[in-house]
Amino acid sequence: MSEIDDLKKEAGIAACEVVESGMKVGLGTGSTVAHTVIELGRRISEEGLQIIGVPTSIATQELALEVGIPLAELGELGGLDVVIDGADEFDPEFQLIKGGGGALLREKIVAQSSSRMIVVADERKEVEKLGLFPLPIEITPFSWTETSRQISIILESLNCSGKIVLRRKENLPEVELDGVEFPRTDSGGVFVTDNGNVILDCHVGANITEPLTLERNLLNLAGVAQVGLFNNMCDAVYLATEAGVRVLRKNP
């Protein structure tokens, strides 16, 4: 593992201190929070920790089952005690950009159902202003180009216009979604979310000054399933730094 991977592992494990027996725990998606899932599995097998997990993606579900975490459907639990997840960026107000892993819709459903949201990240994710990481927007395949055009108008109205790119991956094939063909290009096949949608990555630069307004306006578009802005959700960040793990709390 690289030094940064070691730090991410340390932060992912440290965040497990918020989890106690009897809790219902949202399990996030991504390389850092994967260490959290593995550590929770270890505590279950070695320390007798008793929890119920709700995964935010198929990948997390598979990992959780592999390490022995009992899982349940979110709707059966009446809310969660805590969700532990990663972030692609967070600002001084603890507003987040998430969705680099493609699970933003499920991640937000789980986050909104949780009493607390704990983020695990490395210090590269701490920014003064959101937007340097491309903002992911999950949209329906139907008339996706028209949805993209309307998104562009909204971004421009808030002074954060930029290139909008349909997310693709090199190893993915040509697909048809909802009657819409998505052929392969030199960038690969279109990325399809666990919900059968596609993602637009909006390269707006560090120019998101009104994240709440931007999220609200984008969600008003019929073709938008979810936006990778997680506003007023995060309570604390377990931050991996060269000096060790720092715990940043929104309301210390």
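**Helix packing and salt bridges**

Biologist: How do helix 2 and helix 3 lie to each other, roughly parallel or antiparallel?

Modeller: Helix 2 and helix 3 are roughly parallel to each other. Keep in mind that this is a predicted model. The angle between helix 2 and helix 3, which covers residues 58–66, is about 25°. Angles under 35 degrees count as roughly parallel, so the label follows from the cut-off.

Biologist: How far apart are the axes of helix 2 and helix 3?

Modeller: Their axes are 9 Å apart. The crossing of the two helices is right-handed.

Biologist: Which residues make the contact?

Modeller: Ala34, Val37 and Ile38 come from helix 2, and Thr60, Leu63 and Ala64 from helix 3. By class, the contact of helix 2 with helix 3 has five nonpolar residues, one polar and no charged ones.

Biologist: What about helix 1 and helix 2, at what angle do they cross?

Modeller: They cross at roughly 50°, and their axes come within 7 Å. Helix 1 and helix 2 are therefore oblique to each other. Helix 1 passes helix 2 in a right-handed crossing.

Biologist: And which residues of helix 1 and helix 2 meet there?

Modeller: On the helix 1 side there are Asp5, Lys8, Lys9, Gly12 and Ile13; on the helix 2 side, Ser31, Thr32, His35, Thr36 and Glu39. Sorted by class, the contact of helix 1 with helix 2 has one nonpolar, five polar and four charged residues.

Biologist: Where does aspartate 5 lie?

Modeller: Aspartate 5 is in helix 1, which spans residues 3–14. With a relative accessibility of 29%, aspartate 5 counts as partly exposed. The C-alpha atoms of aspartate 5 and aspartate 122 are separated by 9.1 Å, although the two residues are 117 residues apart along the chain.

Biologist: Changing topic. How many salt bridges does the count come to?

Modeller: The count comes to 11 salt bridges. Side chains of opposite charge can pair when their charged atoms come close.

Biologist: Start with glutamate 39. Which side chain does it meet in a salt bridge?

Modeller: Glutamate 39 meets arginine 42, at 2.8 Å from N to O. Both lie in helix 2 (residues 31–47), three residues apart, which is about one turn of the helix.

Biologist: Is glutamate 39 buried or exposed?

Modeller: Glutamate 39 is buried, since its relative accessible area is 13% and buried means under 20%. Arginine 42 is partly exposed, at 28%.

Biologist: Which residues are linked with Glu39 in a network of salt bridges?

Modeller: The network links Glu39 with Arg42, Arg43, Glu46 and Glu47.

Biologist: Back to aspartate 122. What does its side chain meet in a salt bridge?

Modeller: The side chain of aspartate 122 meets that of arginine 124, with 2.7 Å from N to O. Aspartate 122 is buried, with a relative accessible area of 0%, whereas arginine 124 counts as exposed at 55%.

Biologist: Which side chain meets aspartate 85 in a salt bridge?

Modeller: Lysine 98 does, and the N to O distance is 3.2 Å. That pair links distant parts of the chain, 13 residues apart: aspartate 85 is in strand 3 (residues 82–85), and lysine 98 is in the loop between strand 5 (96–97) and helix 4 (104–112).

Biologist: Is lysine 98 buried or exposed?

Modeller: Lysine 98 counts as buried, at 2% relative accessibility. Aspartate 85 is buried too, with a relative accessible area of 0%.

Biologist: Where is glutamine 95 found?

Modeller: Glutamine 95 is in the loop between strand 4 (89–90) and strand 5. This glutamine is buried, with a relative accessible area of 6%. Leaving out residues up to four places away in sequence, glutamine 95 touches Glu89, Phe90, Leu130, Pro211, Leu212, Phe230, Asn231 and Asn232.

Biologist: Last one. At what angle do helix 5 and helix 6 pack?

Modeller: Helix 5 (residues 144–157) and helix 6 (residues 211–219) pack at about 155°, with axes 10 Å apart. That makes helix 5 roughly antiparallel to helix 6. Helix 5 passes helix 6 in a right-handed crossing. Ile151, Ile154 and Leu155 of helix 5 make the contact with Leu214, Asn217 and Leu218 of helix 6. The residues of this contact divide into five nonpolar, one polar and no charged.

Methods. Residues numbered from 1 in each chain as written. Predicted model: local features only at pLDDT ≥ 70, side-chain atom pairs only at ≥ 80, totals over all residues. Heavy atoms only, no water. Axes fitted to C-alpha atoms, helices over the stretch in contact; angles between N-to-C directions. Helix = DSSP H or I, 4+ residues; strand = E, 2+ residues; numbered from the N terminus. Parallel < 35°, antiparallel > 145°, perpendicular 65-115°, else oblique. Left-handed = near helix turned anticlockwise from the far one by under 90°. Contact = heavy atoms within 4.5 Å. Nonpolar A, V, L, I, M, F, W, Y, C, P; charged D, E, K, R; others polar. Salt bridge = Lys/Arg side-chain N within 4 Å of Asp/Glu carboxyl O. Buried < 20%, exposed > 50% of the residue type's maximum accessible area, 1.4 Å probe, protein only.
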